[in-house]
4 protein chains.
Amino acid sequence: MKTKTRDVQNEKPLIGVKLDRVGSSGIKKQVIREADGDIKVMTPVIDAFVDLKPSQKGIHMSRMIESINEIIEKITKQKVFDFEDMCAEIAKELLDRNDYASYSEARVYADFPVERRTPSTGLRTQEVHKLIAKACAWRDKTLRKSIGCSVFGMNACPCAQEMMYGYSKEKLKELNGLSLSDDDINKILSVIPMTSHNQRVEGTLIVETDEDERIELNDLVSVIEDSVSSGIYEILKREDELAVVICAHNNPMFVEDSLRLILKNFYEKHRNLKDNTRVTAKIVSFESIHPHDAFAETSITVGELREIFG
Amino acid sequence: MKTKTRDVQNEKPLIGVKLDRVGSSGIKKQVIREADGDIKVMTPVIDAFVDLKPSQKGIHMSRMIESINEIIEKITKQKVFDFEDMCAEIAKELLDRNDYASYSEARVYADFPVERRTPSTGLRTQEVHKLIAKACAWRDKTLRKSIGCSVFGMNACPCAQEMMYGYSKEKLKELNGLSLSDDDINKILSVIPMTSHNQRVEGTLIVETDEDERIELNDLVSVIEDSVSSGIYEILKREDELAVVICAHNNPMFVEDSLRLILKNFYEKHRNLKDNTRVTAKIVSFESIHPHDAFAETSITVGELREIFG
Amino acid sequence: MKTKTRDVQNEKPLIGVKLDRVGSSGIKKQVIREADGDIKVMTPVIDAFVDLKPSQKGIHMSRMIESINEIIEKITKQKVFDFEDMCAEIAKELLDRNDYASYSEARVYADFPVERRTPSTGLRTQEVHKLIAKACAWRDKTLRKSIGCSVFGMNACPCAQEMMYGYSKEKLKELNGLSLSDDDINKILSVIPMTSHNQRVEGTLIVETDEDERIELNDLVSVIEDSVSSGIYEILKREDELAVVICAHNNPMFVEDSLRLILKNFYEKHRNLKDNTRVTAKIVSFESIHPHDAFAETSITVGELREIFG
Amino acid sequence: MKTKTRDVQNEKPLIGVKLDRVGSSGIKKQVIREADGDIKVMTPVIDAFVDLKPSQKGIHMSRMIESINEIIEKITKQKVFDFEDMCAEIAKELLDRNDYASYSEARVYADFPVERRTPSTGLRTQEVHKLIAKACAWRDKTLRKSIGCSVFGMNACPCAQEMMYGYSKEKLKELNGLSLSDDDINKILSVIPMTSHNQRVEGTLIVETDEDERIELNDLVSVIEDSVSSGIYEILKREDELAVVICAHNNPMFVEDSLRLILKNFYEKHRNLKDNTRVTAKIVSFESIHPHDAFAETSITVGELREIFG
């Protein structure tokens, strides 16, 4: 079934406009690696794009997939790999193979598991988080890469909790037979974790750096988990469940608080990063008292964080 | 562009197997009606199917859409309509137009708004719930129709709350300077809404009846909202928010409790329905302390509910 | 249940970082309007955000929803409304009510129906497309608003079609008993719509303008439908189906071609827009020969389009 | 943080109704195995349920997750495992650990990769399909398990193709200068793959058996791929792309045809299964000429298939 046909993609297009991103999205690929006795296998979803100059009709779609395949084969034999480096390799390969392109981009979305222990009984659990990696390469050799993750946690609302304090104080004052002083009431309320509405939240943290920097993905997971009212767990014994609920109500947070804490906690662990590192963070709170979500999002450079936190 | 071609769908198939359901899914249609000064407009997603006898190669897909179009046009001129009746009309029309079919089915998914007031300040709010309607028609004139909805609410966990009672009692006993008796402590704890983890839940209630019965959709919304720890609202003033949180913690519920309460609350409002009415209910709880959901689901007839509740 | 509590949101935050976007997402609201005898009702999903200065702990979430409610009530009484103007009203109201904010943003996602006729029999059909509207307002009175839509169509692949020409030519040359000249073969192949793989594509076109410009949403729908191999329809009679398939194969297009055509077709209808108008367009093709999608996306100003197309 | 609290779940419920399914849904777990040098790693999503008798208030949710964890640890050390057997193990363990339950159920959803070669150049590709496994266990030792998959393919429409034949015949008759006989025209049209609309389809095939039967998952993938107009591939060289398009147009199929062919192809490979084996199959076609999908679904036993196919 051999055919000689003209290469339609290389023709001059009728409309000479540059296009930012042309490629394939939603490519699923299994990536297997064994390093230091630890097997890492994931089935990421991959997007890959190049730009298109005004004088070129189309890209060669099958080259996108070939590049991705070959990078994955190469990775499977290497010692260490991170998904952001895989993206960087794909982006560079795309520029090599598509000489009409001046820009290329690769994105990877995957699930990744992290081992942990529950807060009270120390039971081993495994949490599966979402990974987001990306690389953007330019013909002039510049390359920016990103690594990030989305992690679930729990927030208790400070505002409702504050109202519950007020409400509880009044109720204790009205209590028949027990004449409690203001001081007694404060003492009592200081030892009882005060009720609020609480809910699952999803924190997302993405860090964009130059090619020569390196971010540990598990550190980003910790930053998010340390910036919500409490971490949450696939499995909890009763004592653990109690510990999580107490922890959450001792650390009530708005989405705004969590977002700012993410930036602070991230910066404290990553002061050595260059000023041009960009941090993008987001919190979505699946409000238990509303059918809609609370939302906060921001983007800032490490240089700007340095000015704020010193 | 007129063409004379043979009708491929009417040919004898090579493989003579009966098929249960053949048709179109995901048809979006705007349905507009004005009745008693109240405009009802929705853009439901519609599925429509017929069965296929072993000797018929294919259905006529465009007839599905034509039937749906004509029913919707008819409805737009009528006085009253419910989506389950629209499904019934579509299902009957499908049998009329496809003489090779012995069974037909139509399903509708839509958003629908319900007006309400917040619990404390009485502010008007509008909640948008999901509607699920269905009709199954047989050639022998039997027809079963379903109407149901999915509604968000909030559950507080009874188990974590019970542990918090124990924890708070111990903390109060240990309190320096304030020697509280067990009785004092019980009094104190009886007036303070006790903390627990709480979360958004989604309750679903679907009722399948004979064609001559009628269910009020808004009643199903109320049944679900009365069967969770608290209803939730698009808008809440501060006093409302406090009222919702107190209400939820005064009514702690497992998904199992909510599911049983849905059945009980439904039955109390709908005793007059025939024994062959089938009630299917489900609760999904987006656990704030876990990344996975708690889930409960059951199906029962009104006849069975009558035996239980009398 | 009246309570006097301190306003937690107005407190000074522990971490003084500015946040870009804080608010509510996923708010569902029914919007009803009757204008010129035509009823427009939709149930959009709304997001609304303000920024947060370093010295302010939190926003007042309930004010977001109140602003949205009041705008919608106002709109329901007005003569004309577009969703981008509704977004502009919400964004302005958010700045008015949140004096600590220097920026606000409102987004709306909705389904909207468009009436059309099928290409051959002229049957009336209704297509339901997705609408995307947005407004960004700054304290200094600048406001940018966007309106756009996502519309389904169909693309036939030029590359596979070109190969099919080559294949068909060879097959016709080899045909026993019928000695066809090259010229005969070209004549034959010029009247038979040549096979290719074809598939559903989704085109998205979003236009961002200053507040005083106006874009007709239905024009954007037409631009997309005119930029794919063929428009597609909820209902098609046989002659219509034939016409759609012939049309698609007479206009084979890559995603790159469609994207460039969208820009050209848009510009031809909207030359009068200011240079600072920004056009963002995207095509996703659900490839029939691959499990992944083909993708093209670009962003350009009307000023830049003017330089290219004159 | 030790606490002595009553076991709320074991209390008598206020409403004594049996519940069909109570448990956890959406549990993500990494499952790793190395067998015969081949590493299999997946991150399935798992649901697990038990029923609840009228006299029991609630289940012990954490036991669900503990059971799942222990089964997965056990599996990681075993020689052979299939996901339906993992479900069976979980379901049995759930009955063992929850003595109040008379029924249990476990479901697994995962991505799984299959290696293949492209049809013309023989290039190696990897397709990632969706796996669906389930087990239902009863206290009386009965157990039914299911294994199935969803696989993408491509269908070309027989009806539009038939119309294109008619249209092409007329066009060839009208051709100036070339007086082709009916016989000539038939010859010409027999060698040119005739145009139609074609599109991505998703076929799903699930087989429910007794515990002692075994189905090879890869066989189910092949059954689906053999029952559509053509298989589709992550990567295709030009010659492959041509081969796929020709193959699809030489095998035009309605969703009805594909569904019946799945049943036939399945039965031919699995005659030895018991009569009580249940086969459920579905085809969804993402129509290129419509914004909605074509759909066909049916369920039949191997006993019934035996009566039809012998």
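The model is predicted, so local features need pLDDT of at least 70 and side-chain atom pairs count only at pLDDT 80 or more, while totals for chains, interfaces and linings use all residues. Residues are numbered from 1 along each chain as its sequence is written, chains are lettered from A and ligands numbered from 1 in the order in which they are written, and side-chain values use heavy atoms, with hydrogens and water left out.

Q: How many residues of chain C are in contact with chain D?
A: Contact means heavy atoms within 4.5 Å. The copies meet through the same surface, because 100% of the interface residues of chain D are also interface residues in chain C. On the chain D side 51 residues take part, and in chain C the number is 51.

Q: Which residues of chain D lose the most area to chain C?
A: Buried area is the accessible area (1.4 Å probe) that two parts lose on being put together, summed over both. Chain D and chain C bury about 4300 Å², with 69% of it on carbon and sulfur atoms. Together giving 15% of what the chain D side buries, the residues that lose the most are D:Arg200, D:Ile289 and D:Pro291.

Q: What area is buried between chain A and chain B?
A: Chain A is superposed on chain B by a rotation of 180° with 0.0 Å of shift along its axis. In this pair, 51 residues of chain A are in contact with 51 residues of chain B. Carbon and sulfur atoms give 69% of the buried area, which is about 4300 Å².

Q: Is α5(C) roughly parallel or oblique to α7(C)?
A: Helices are DSSP runs (H or I, at least four residues), numbered from the N terminus. Axes are lines fitted to C-alpha atoms over the stretch in contact, with angles from 0 to 180 degrees between N-to-C directions. Helix α5 (residues 217-225) and helix α7 (residues 255-269) of chain C pack at about 140°, with their axes 8 Å apart. Angles under 35 degrees count as roughly parallel, over 145 as roughly antiparallel, 65 to 115 as roughly perpendicular and the rest as oblique, which makes α5(C) to α7(C) oblique.

Q: How do the axes of α7(C) and α8(C) lie to each other?
A: Helix α8 of chain C spans residues 302-309, and the axes of α7(C) and α8(C) come within 11 Å. They cross at roughly 95°. The two helices are therefore roughly perpendicular.

Q: Which residue of chain A does C:Leu261 touch?
A: C:Leu261 lies in helix α7 of chain C. Not counting residues up to four places away in sequence, C:Leu261 touches C:Asp226, C:Ser227, C:Met253 and C:Phe266 within chain C. From chain A, the residue touched is A:Ile15.

Methods. Copies are superposed by least squares on the C-alpha atoms of residues with pLDDT of at least 70 in both.
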